[in-house]
Amino acid sequence: MKTPQTLRRWGRLSTSAAAVTVLSVTASGCMVVHGEREILPGATKTEAARALKDFTAAYNDANAANDQALDSDRVTGPLADIDGAKLRAGAKNQPGGNPDYAPLKLTDTEFTIPEKAGWPRWFVADSKANKGADNTRWLMVFTRGGANEVWEVSYLTILAADDVPEFKKDKDGWAEPVTANAGDLAVPPQDLAETYATYLQDGGAAFAPGPHTSAWRDARQKNAEKPGLVRQYLDEPLTSGDYAPLGLRTTDGSALVFFTTRHYEKQTAAQGVPLNVSDANVKALMTGEAKQSITLESVSNQAVLDPGPGAADQKVEFLARIQGLTGAKGE
């Protein structure tokens, strides 16, 4: 785990009121060009359905057994980080597996497959799940970097059904991807992670108010210092390889964009004040001993609506965000 000392800077003192927990669920593949020039669909509907079936089977095996190795070839990017850490913690806390795990079932799936040239290729599966609220949809981004690779899920986003945008499609039903440097959007997708990390530290006008923007900043600032305890935050964009942003054009000219960030929270206790590390998952992932401080590392994947030129409001709107603990270091 990278420690804050290896990073470029600590942010100003701040805090989050939300507890850092290991989430059961939560980037795309690296752009590798092999010389293909023809614009083709990322997958056939049959390939997409098979990829979803393979992912679901591996995901269920891994979560039932608390064994990260069982789905390691079916997940990548932020999902691999978040769910992998959860499974490592589960392996320590329940080494015999999770007897209470209810297998994931995905139904009523719609595939949105963009046309593009070169690799990686990718598509989005939008499914009804047997977990969570009845009116939610699971959006999973499948990606692969070459014809001989298997499909892996990089992003998993859970949206209210009414928040899933209508995607722009051609006469054959293929979707339109947005380029990383799309200049007609409020924030080019390649800049979203950096803009968000900067916003969390310094504020700004790029994002619409909400629980993942203004409310999170307010909570950090209100709880920066408590009697005997100080919290510091560092926010870091993840933009390359399996963490590069991906987006689909919507019918109104905007885009649904997925992107990734990493977050650190350092809690430092005053001399003589004990740090109470009670969360079993934090304990399972922690290295060192939390004598005076503990640094929590988490990865977050976001799904946002990035406005196009015709949108009345040019602020980026968060549709969903999934954050999971990926490491902890005591000092």
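Modeller: A salt bridge is a side-chain nitrogen of Lys or Arg within 4 Å of a carboxyl oxygen of Asp or Glu. The model is a predicted one.

Biologist: What makes Arg-262 and Glu-297 a salt bridge?

Modeller: The closest N and O atoms of Arg-262 and Glu-297 are 3.2 Å apart; the limit is 4 Å, so the pair qualifies as a salt bridge. The pair connects distant parts of the chain, with Arg-262 in strand 10 (residues 255–269) and Glu-297 in strand 12 (residues 293–306), 35 residues apart. Both Arg-262 and Glu-297 are buried.

Biologist: What makes Asp-83 and Lys-86 a salt bridge, and where do they lie?

Modeller: Their closest N and O atoms are 3.2 Å apart, and the cut-off is 4 Å, so the term applies. Asp-83 and Lys-86 both belong to helix 2 (residues 77–93), three residues apart, about one turn of the helix. Both residues are buried.

Biologist: Why is Asp-162 called exposed?

Modeller: The relative accessible area of Asp-162 is 77%, and the term requires over 50%, so Asp-162 is exposed. Asp-162 lies in the loop between strand 6 (152–160) and helix 3 (192–202). On the surface, Asp-162 gathers with Asp-163, Asp-313 and Glu-317 in a patch of negative charge.

Methods
Residues are numbered from 1 along each chain as its sequence is written. This is a predicted model: local features need pLDDT of at least 70, side-chain atom pairs count only at pLDDT 80 or more; totals for chains, interfaces and linings use all residues. Side-chain values use heavy atoms; hydrogens and water are left out. Patches are made of residues with over 30% relative accessible area and no salt bridge: like charges are joined within 9 Å, nonpolar side chains (Val, Leu, Ile, Met, Phe, Trp, Tyr) within 5 Å. Accessible areas come from the Shrake-Rupley method with a 1.4 Å probe; for residues, only the protein chains shown count as cover. Lys and Arg count as positive and Asp and Glu as negative; His and the chain ends are not counted. The place of a charge is taken as NZ of Lys, CZ of Arg, CG of Asp or CD of Glu. Helices (H or I, at least four residues) and strands (E, at least two) are DSSP runs, numbered from the N terminus. Buried means under 20% relative accessible area, exposed over 50%, partly exposed in between (1.4 Å probe, protein chains only).
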